[in-house]
Amino acid sequence: MSQINRRDSLKSIAALGAAGTLGGWSALASAQAKPLTVGVIYVGPRDDYGYNQAHAQAAAEVKKMPGVKVVEEENVPETAAVQKTMTGMISQDGAKLLFPTSFGYFDPHILALAPKNPDVRFSHCGGMWTEGKHPKNVGSFFGYIDECQYLNGVIAAHMTKSNKIAFVAAKPIPQVLRNINAFTLGARSVKPGITCSVIFTGDWSMAVKEAEATNSLADQGCDVFTMHVDGPKVVVETAAKRGKMVCGYHASQAKLAPQAYLTGAEWNWLTAYKTIIDAAQAGKPHPNFLRGGLKEGYVKMSAYGPAVTDAAKKQADGVKAQMIAGTFDIFKDGIKDNKGAVVVPAGKSLKQTDLELEKMNYLVEGVLGSI
């Protein structure tokens, strides 16, 4: 009940405002006896076999850290409701660090509260924070999970019989487009003629549309599926019922379809959480922009399922080793979009740290679908 009341009891805390300064952060370090209260906010349920579960798994590990207290709230929409939740965590729970995890929480909601609460750190999951534009007590963290989606594509290409693979996506934002494109490029590195059909459902969690999209893509002959929606459960189970294969996303969905599950792209959010929490506990500057991939431990691959061939494993493991060594670039050497325009010129390689990738607004050659 306290979580529900947190959203509704704002009148008493409307004057929370601008009490405190950045200098208060250094006081955190000296107040050893007082634990750092960390708030984690989820847009959906914590057990969604997907995006929210991946964050909840990290929060569960954070709870084991010394000097840290965690408060959580799930099913908070990307509306003014999240401002109420954040304000409640700050005023009622004494939170000094918030992890509002969903993409739509940033603008306008975090940006509205951060200036009013300069002694609170806000860490948003996504590619948003910009030097000189956004408050210093706001930060952004994300992982190069397109590396894992590329590896999903390599496995998918080895396993497909129809040479038609599928992607069920929520919204055509840069992070989603980057995953679709990486999955397709990974597959076409094995079999250049493969096509990847994509359907956008329109929102992060739309179970009926996700089922409809999966069935439609199966009807079109696609036989290996992946996705970028908050809860992959529906796509995984629907594809498996149709006798199709699946590469997972966010967290492992292997338990949902043990025979159909090939591998998956998983987050390891604890790496970022720990870096941000350590800085807060030590009174160090708030990490405003954190990124990492396989090498840095921000993302990982699911274990291979029983159907995956040795040849598929060997090729994917070889590419993964190059990624970890920092010698492999996904977006390079003359890539065209699916309308025929060159989006990465010949001879050019985009490194994972290149901000151009965080502004991606195209689908690569081989993707059947439109933004």
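Biologist: What makes the largest pocket a pocket, and what is its volume?

Modeller: The largest pocket has a volume of about 420 Å³. On a 1 Å grid over the protein atoms alone, a pocket is an open set of points with protein on both sides within 12 Å along at least five of seven lines. The volume is the space filled by probe spheres set on the points, which are joined across faces, edges and corners. This is a predicted model, in which local features need pLDDT of at least 70 and side-chain atom pairs count only at pLDDT 80 or more, whereas totals for chains, interfaces and linings use all residues. Residues are numbered from 1 along each chain as its sequence is written, and side-chain values use heavy atoms, with hydrogens and water left out.

Biologist: Which residues line the largest pocket?

Modeller: Lining residues have an atom within 4 Å of a point. There are 23 of them, and Gly-127, Met-128, Arg-291, Leu-355 and Glu-358 are the closest to the centre. Helix α7 (174-188) gives the most, with four residues; β5 (138-143) and β11 (289-292) each supply at least two.

Biologist: How is the lining of the largest pocket divided by class?

Modeller: The lining has 11 nonpolar, six polar and six charged residues. Ala, Val, Leu, Ile, Met, Phe, Trp, Tyr, Cys and Pro count as nonpolar, Asp, Glu, Lys and Arg as charged, and the others, Gly among them, as polar.

Biologist: Why is the space beside Tyr-51 and Trp-204 called a cavity?

Modeller: It is called a cavity because a 1.4 Å probe fits at its points but cannot get out. The largest cavity has a volume of about 130 Å³. Its lining comprises 14 residues, with Tyr-51, Phe-103, Phe-142, Trp-204 and His-228 nearest the centre. By class, eight are nonpolar, five polar and one charged.

Biologist: Why are α3 and α10 called oblique?

Modeller: Helix α3 (residues 51-62) and helix α10 (residues 270-282) pack at about 45 degrees, with axes 9 Å apart. Angles under 35 degrees count as roughly parallel, over 145 as roughly antiparallel, 65 to 115 as roughly perpendicular and the rest as oblique. The two helices are therefore oblique to each other.

Biologist: What makes the contact of α3 with α10?

Modeller: Contact means heavy atoms within 4.5 Å. His-55, Ala-58, Ala-59, Glu-61 and Val-62 of α3 meet Leu-270, Tyr-273 and Ile-277 of α10. Six of these residues are nonpolar, one is polar and one is charged.

Notes
Axes fitted to C-alpha atoms, helices over the stretch in contact; angles between N-to-C directions.
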